[in-house]
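Here is a friendly briefing to read alongside the coordinates. Take a look at the model first, and then go through the notes by topic.

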Amino acid sequence: DGGGASPGPAASNVDPTDAISAMLAAQFDAATQAVEQSTAAQGRGKRGVRTDAPTFAAAEGEGGDTQTESLDMRYRKVLYTEASSALCEADMASEMEAIIREDWSSASLLTRLIPLFRPKLRTDELREQRDKLMAIAKVPLGEVPMHERILYSCYRALTGESTCPPRFGPHWELIGFQGDDPATDLRGAGMLSLLQVMHFSSKRPQLLQEIYRTSRRDGADFPFMVVSINMTQLTLGALRAGVLTKACNRNKQVYDTVHTFYEACYLHMFEDWKSNHCTIVDFDRVKKDVARLSLQKPADLFKRLEGWSPAGALQLEQGAGFADLG
């Protein structure tokens, strides 16, 4: 879901999983090479990159002249609830016109042929929430204070750094983007990709940190944000296919249900990756398995997430790392 070079909705006569397999493998190869090169790049001067980025604490200070007010706003911490509200309340008229609400290409023959058998969200509120999530997935990362606050907060939470990173530079490879500008990769699922990371960090910080730490481990490494974007895309596919409708109706909530399903998909990928000692060359198989389960056995993924135990997970100090996302 999205524009640019990122994979978009598959044509009706193409298997959505197979259609992007080659592209995903290429993405991971490119990301791995970029990460290996980033250390050397850190020591060289970067054109147009700020080296005096302020800390979050400095940005939150009171006072200052009006010329720096807008800049400081971009470096203020933001919690998931505030970020979600801001994105949902923004003007997304053009994005709403472009969303694809339903896709029954992966459903049973009966469901494809007879609309009566297709699951439906029960209330206008649920349908509105669905539409807003799909629209957020089409909102590109822009030069908007809230967008940058969300981006910087995700970076700080994952890395544990207290200093805001420059907007452009090879440091973004540390959290699994493929180049100097996260906006390029985020075309695949827009601001929804970052919002889901924030929800993950607010609900299951220990699990998220385990996944991130594994993504940085030699031999078993993978680009965290590239994988995360793909999990967001799988989640959107499941939402369009109606497999999350029952859970949304039961929970009377689309936002939290969809974000939780994203986390369940990432957990399955993570456990498969770790238990089978996977490397980048295994990603195609792992991703296909998650895609299959997301459409055929969503309840199993939810149950697996509910049963995950933080035993052995690294304990976070209060007020540090993921706790900053609230």
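## Briefing notes

Cys-265 has a relative accessibility of 0%, so it counts as buried, the cut-off being under 20%. Please keep in mind that this is a predicted model. The protein chain has 17 helices and zero strands, and 50% of its 326 residues count as buried.

**Cysteines**

- Cys-88 also counts as buried, because its relative accessibility is 10%.
- The number of disulfides in the model comes to zero.

**The chain as a whole**

- Among contacts in the protein chain with a separation of 6 or more, 75% are between residues 24 or more positions apart.
- The protein chain exposes about 15500 Å², and carbon and sulfur atoms supply 50% of that area.

**The nonpolar core**

- In soluble globular proteins, nonpolar side chains tend to be buried together.
- The largest nonpolar core here has 78 residues.
- Which members touch the most other members of this core? They are Ile-150, Phe-177, Leu-194, Phe-224, Met-231, Tyr-266 and Met-269.
- Helix α15 (residues 255-275) gives the largest share of this core, with 11 residues.
- Leu-194 is in contact with Ile-150, Leu-151, Cys-154, Phe-177, Leu-186 and Met-225, once its neighbours within four places in sequence are left aside.

**Salt bridges**

- How many salt bridges does a search of the whole structure find? The search finds 15.
- One of them joins the side chains of Arg-74 and Glu-148, at 3.2 Å from N to O.
- Arg-74 belongs to helix α4 (residues 69-74) and Glu-148 to helix α9 (residues 145-159), so this pair ties together parts that are 74 residues apart in sequence.
- Both Arg-74 and Glu-148 are buried.
- Another salt bridge brings together the side chains of Asp-131 and Arg-130, with an N to O distance of 3.0 Å.
- Asp-131 counts as buried because its relative accessibility is 12%, and Arg-130 is buried with a relative accessible area of 10%.
- Lys-120 counts as partly exposed because its relative accessibility is 45%, and Glu-102 counts as partly exposed at 32%.

- Lys-132 sits in helix α8 (residues 124-136).
- Is Lys-132 buried or exposed? Its relative accessibility is 19%, and the cut-off for buried is under 20%, so Lys-132 counts as buried.
- Leaving aside neighbours within four places in sequence, the contacts of Lys-132 are Cys-88, Met-92, Met-96 and Tyr-255.

- Leu-109, Leu-110, Leu-113, Ile-114, Leu-116 and Phe-117 make a nonpolar surface patch of about 640 Å².
- Leu-109 is in helix α7 (residues 109-113), and Leu-109 counts as exposed because its relative accessibility is 53%.
- Arg-112 also lies in helix α7; with 35% relative accessibility, Arg-112 counts as partly exposed.
- Beyond its neighbours within four places in sequence, Arg-112 is in contact with Trp-104, Ser-105, Ala-107 and Arg-118.

**Backbone angles to check**

- Most residues other than glycine have a negative phi.
- Lys-252 has a positive phi, near 55 degrees.
- Lys-252 is in the loop between α14 (245-251) and α15, and Lys-252 is exposed, with a relative accessible area of 68%.
- His-277 has a positive phi as well, near 50 degrees.
- His-277 is in the loop between α15 and α16 (283-296).
- Because its relative accessible area is 68%, His-277 is exposed.

Conventions:
Residues numbered from 1 in each chain as written. Predicted model: local features only at pLDDT ≥ 70, side-chain atom pairs only at ≥ 80, totals over all residues. Heavy atoms only, no water. Helix = DSSP H or I, 4+ residues; strand = E, 2+ residues; numbered from the N terminus. Buried < 20%, exposed > 50% of the residue type's maximum accessible area, 1.4 Å probe, protein only. Contact = heavy atoms within 4.5 Å. Patch = residues over 30% accessible without salt bridge, like charges linked within 9 Å, V, L, I, M, F, W, Y side chains within 5 Å. Areas by Shrake-Rupley, 256 points an atom, 1.4 Å probe, with all protein chains shown as cover. Salt bridge = Lys/Arg side-chain N within 4 Å of Asp/Glu carboxyl O. Disulfide = S-S within 2.5 Å. Core = buried A, V, L, I, M, F, W, Y, C linked by side-chain atoms within 4.5 Å.
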